Amino acid sequence: RVDSLRLQREVNDYQKEPLMAIMPGVTLAELWGVVGYAEDALRVVSVIVVVVGFLGMLVAIYTTLEERRREMAILRAVGLGQGKISTLLIMESGLLTIVGSLIGIALLYGAAFIAQPIVESHFGIYLPIRPLGQTEYTYLGCLWAAGFLIGVIPAWKAYRNSLADGLSIRL
């Protein structure tokens, strides 16, 4: 190791010819360190986007409960229990999450297939298109579980509404 560092210094300090010696392992480690910060920043932005998306879905489902209170009351009046109505709302949020993530994956692969030859011809960078790995499946599973859990809040609100409240006319 000492000899390689000494050789690098000699090449860098060689006055007759302007040369520069690098050690690929050290240079790549520095490069991955810089890229690692950008990757961490993108991961944080992704988490923020997912949280904002879930909050938007929660607000949308929660606010539609007021308009759907009559529907819920009619379902309860014909014999559907509060637990089944809660299950319907939880399933709604879970299915929205699953369908949304599958559409997002399809759009990602579609954009990658379109962009791959363009990026390669203009910039000389090959973008590999690979199937989802174990990490992505783990993220999807967590995302889907969170989508079902988000539905618990509007389901709890619907559970608390009384039958008379849903059938009464509000002005």
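How many salt bridges does the count come to? The count comes to four, where a salt bridge is a side-chain nitrogen of Lys or Arg within 4 Å of a carboxyl oxygen of Asp or Glu. The model is predicted, and local features need pLDDT of at least 70, side-chain atom pairs count only at pLDDT 80 or more, and totals for chains, interfaces and linings use all residues. Residues are numbered from 1 along each chain as its sequence is written, and side-chain values use heavy atoms, with hydrogens and water left out.

One of the salt bridges joins Arg-6 to Asp-3, with the closest N and O atoms 3.0 Å apart. These two residues are three apart in helix α1 (residues 2-13), so about one helical turn separates them. Helices are DSSP runs of H or I with at least four residues, numbered from the N terminus.

In helix α2, Arg-43 and Asp-40 are likewise three residues apart, about one turn of the helix. Their closest N and O atoms are 3.4 Å apart in a salt bridge. Glu-39, Asp-40 and Arg-43 are linked in a network of salt bridges.

A further salt bridge is formed by Arg-68 and Glu-92, whose closest N and O atoms are 3.1 Å apart. Arg-68 lies in helix α2 and Glu-92 in helix α3, so the pair ties together parts that are 24 residues apart in sequence. Arg-68 counts as buried at 19% relative accessibility, whereas Glu-92 is partly exposed at 26%. Buried means under 20% relative accessible area, exposed over 50%, and partly exposed in between, with a 1.4 Å probe and protein chains only.
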